[in-house]
Amino acid sequence: MAATSDAAASETADDADDDGPVVKLLSVGQALQGTVKRITEFGAFVDIGVGRDGLVHISELSTTRVAKVSDLLKEGQAVTLWIKKLDRDRNRISLTMIEPGQRTIRDLQVGEVVPGTVTRILPYGAFIDIGVGRDALLHVREMAEGFVAKPEDVVKSGDAVEVRIIEIARRRNRIDVSMKGLRPEPEPVQSAMEETQAAQTAQEEAEYEDRFAEMEALTTMQVAFLKAQERSGVVLPMGNNKKQKRNQSHKKRSSQDAIIERTLSSQGKK
C-alpha cells in the first residue's frame with residue numbers, strides 16, 4: 001500500500017532466483033551495485049538486480065562534461081550507483097553515478113557566493129575549484145574594481161577565496177566568477193606613485209628660494225640676463241632691497257623729525 005501511494009519515495013521490486021522471489025525495497029538516494037547491460041548515445045541501462053534495468057543518463061555519469069557514454073562505461077562493467085528518481089506509473093528507475101549531496105553545475109545559480117580554491121594561474125586569470133567537478137574561470141578584470149596588471153598581484157595557487165557566480169553556460173560546461181566586492185580592494189599602484197611624486201614636488205617648491213623675488217621690477221631682458229649669469233656661476237651681489245628701502249625711509253623720517261624739533265625749539269626761544 002505504501003509503495004503504491006508514494007512511488008517517488010520508495011518502491012518494491014521482485015527478483016526471481018533459484019531460491020524463489022526476493023523482494024527489494026528501493027528508495028531515492030539508495031546506493032546500489034549494478035552491471036552495465038546496454039550503452040546508448042543518451043546513457044546506459046544498468047542491471048541493479050530488481051527485475052528491470054535502471055537508466056543512468058549521460059548527464060548523471062560525472063560532475064564533469066562527458067562527450068560519449070562509452071568514454072566512461074563498457075558493457076559488463078560493474079558500477080556503484082544511486083537512485084535518483086522512481087517513476088512507478090511509467091515503470092522507470094532513474095540512476096546516477098554522482099554521489100548524493102555533491103553539487104554540480106546544474107545546482108549553481110547566478111549571483112550565488114561560493115567558497116573555492118585557486119588551482120591554476122594563467123596570464124588572463126585564474127581557475128577556481130568551487131566543488132562542482134568543473135573549475136570556474138576568474139578573469140583578471142573580475143579580480144578587483146580597479147586595474148590589475150597580473151593575476152599574481154591578487155591571488156596565488158592554493159589560496160582559499162570567495163567568488164560570486166556571474167555566468168553559467170551549462171551546454172559548454174563553463175562557469176565565470178568574480179571577486180569584486182568580496183574582498184578589500186588593493187591600493188592602486190599608480191595612485192601611490194602619483195601621491196609620492198606630488199609630495200616630492202611640493203617639498204621642492206617649498207625649499208626653492210627665488211633670489212630675484214626681492215628685487216625691484218626689472219625688464220624681461222634684465223631678468224633673463226641676471227639668471228643667465230647665475231647659471232654660469234657668476235655670484236650676484238643680491239642684497240635685501242626691501243630692507244634697505246625700509247632703513248632709508250626710517251632715516252629720512254628721523255631726519256625730518258629732528259629738523260621739526262629744532263624749528264619748534266628756536267621759535268619758543270623767540
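This predicted model holds 1 aromatic pair. Its partners are Phe 42 and Phe 45, arranged edge-to-face with 6.4 Å centre to centre and 85° between the planes. The pair counts as edge-to-face because the angle between the planes is over 60 degrees. Another ring has a charged neighbour: Arg 120 lies over the face of Phe 127, at 4.2 Å from the ring centre.

**The chain as a whole**

Let us step back for the overall picture. The chain has 270 residues, and 28% of them are buried. Its secondary structure comes to 4 helices and 12 strands. Among contacts with a separation of 6 or more, 56% join residues 24 or more positions apart. The chain exposes about 18400 Å², and carbon and sulfur atoms supply 50% of that area.

How confident is the predictor? The chain averages a pLDDT of 77, and 61% of the residues score at least 70. Residues 1–11 have a pLDDT below 50, and this stretch has 22 contacts in the model beyond near neighbours in sequence. Residues 14–23 also fall below 50, with 15 contacts beyond near neighbours in sequence. Where pLDDT is low, the predicted coordinates should not be read in detail.

In soluble globular proteins, nonpolar side chains tend to be buried together. Here the largest nonpolar core has 23 residues, and the members that touch the most others are Ile 128, Ile 130, Met 143, Val 155, Ile 165, Ile 175 and Val 177. Strands β8 (113–122), β9 (125–129), β10 (136–139), β11 (160–169) and β12 (174–178) each supply at least two residues of this core. Which strand gives the largest share of this core? That is β11, with 4 residues.

Leaving aside neighbours within four places in sequence, Ile 165 is in contact with Leu 108, Gln 109, Val 110, Gly 111, Glu 112, Val 114, Ile 130, Ile 175, Asp 176 and Val 177. Apart from this core lies another, of 19 residues, with Leu 26, Ala 44, Leu 61 and Val 69 among them.

One of the contacts of Ile 165 is Asp 176, a residue of strand β12. Asp 176 counts as buried because its relative accessibility is 12%, and the cut-off for buried is under 20%. Not counting residues up to four places away in sequence, Asp 176 touches Leu 137, Arg 164, Ile 165, Ile 166 and Glu 167.

**Residues to visit one by one**

Ser 27 is found in strand β2 (residues 20–27). Ser 27 and Ile 83 are 56 residues apart in sequence, yet their C-alpha atoms are 6.9 Å apart in space.

Asn 91 has a positive phi of about 55° although it is not a glycine, and it lies in the loop between β6 (78–87) and β7 (92–96). Asn 173 has a phi near 60°, again a positive value in a residue other than glycine; it is found in the loop between β11 and β12.

Relative accessible areas for some of the residues in this report follow.

| Residue | Relative accessible area | Class |
|---|---|---|
| Ser 27 | 27% | partly exposed |
| Asn 91 | 47% | partly exposed |
| Asn 173 | 6% | buried |
| Asp 176 | 12% | buried |

How values were computed:
Residues numbered from 1 in each chain as written. Predicted model: local features only at pLDDT ≥ 70, side-chain atom pairs only at ≥ 80, totals over all residues. Heavy atoms only, no water. Phe/Tyr/Trp six-rings, centres within 6.5 Å; stacked < 30°, edge-to-face > 60°. Lys NZ or Arg CZ within 6 Å of the ring centre and 35° of its normal. pLDDT = per-residue confidence, 0-100. Contact = heavy atoms within 4.5 Å. Core = buried A, V, L, I, M, F, W, Y, C linked by side-chain atoms within 4.5 Å. Buried < 20%, exposed > 50% of the residue type's maximum accessible area, 1.4 Å probe, protein only. Areas by Shrake-Rupley, 256 points an atom, 1.4 Å probe, with all protein chains shown as cover.
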